[in-house]
Amino acid sequence: MSDEHAKTPADHIGNTVTQLKEMRHYSKNNVETLTAEWLLFDGELSKLKLADKIADLMDRQGQLHEALENAIVDLEEVLEKMKPEPEAEA
């Protein structure tokens, strides 16, 4: 890879933010899917007594979603600080 195509630290952080946002998207979908499953296990399938296991997974997936959200915010703040200052007009 030539020097003009070398990634800067900001590029790496930007790529990481993009990846985390994709993970956040899937995490949100997983929380929604697990919630629907929990409703089924808490209602129609309650005799199986598995609602607590689904609720635990829902909580864990929710924690992952929140952690992803926090990491995205933190990295976006770092990226913002890395931007060069605009040049003052004469």
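Biologist: What makes the reach of H1 close to the expected one?

Modeller: H1 has 34 residues and spans 48 Å from its first C-alpha to its last, close to the 50 Å expected at 1.5 Å a residue. The expected span is 1.5 Å times one less than the number of residues. H2, with 32 residues, reaches 46 Å, close to the 46 Å expected. Helices here are DSSP runs of H or I with at least four residues, numbered from the N terminus. This is a predicted model, in which local features need pLDDT of at least 70. Residues are numbered from 1 along each chain.

Biologist: Why is H1 called roughly antiparallel to H2?

Modeller: H1 (residues 9–42) and H2 (residues 51–82) pack at about 160°, with axes 8 Å apart. Axes are lines fitted to C-alpha atoms over the stretch in contact, and angles run from 0 to 180 degrees between N-to-C directions. Angles over 145 degrees count as roughly antiparallel, so H1 is roughly antiparallel to H2.

Biologist: Which residues of H1 are called buried, and what covers them?

Modeller: Buried means under 20% relative accessible area, with a 1.4 Å probe and protein chains only. In H1 that applies to Ile13, Gly14, Val17, Leu20, Ser27, Leu34 and Phe41. H2 is included in what covers the buried residues of H1.

Biologist: Which residues of H2 are buried, and what do they pack against?

Modeller: Ala51, Ile54, Ala55, Met58, Gln61, Leu68 and Ile72 are the buried residues of H2. They pack against H1, where contact means heavy atoms within 4.5 Å.

Definitions and conventions: Predicted model: local features only at pLDDT ≥ 70, side-chain atom pairs only at ≥ 80, totals over all residues. Heavy atoms only, no water. Helix = DSSP H or I, 4+ residues; strand = E, 2+ residues; numbered from the N terminus. Parallel < 35°, antiparallel > 145°, perpendicular 65-115°, else oblique. Buried < 20%, exposed > 50% of the residue type's maximum accessible area, 1.4 Å probe, protein only.
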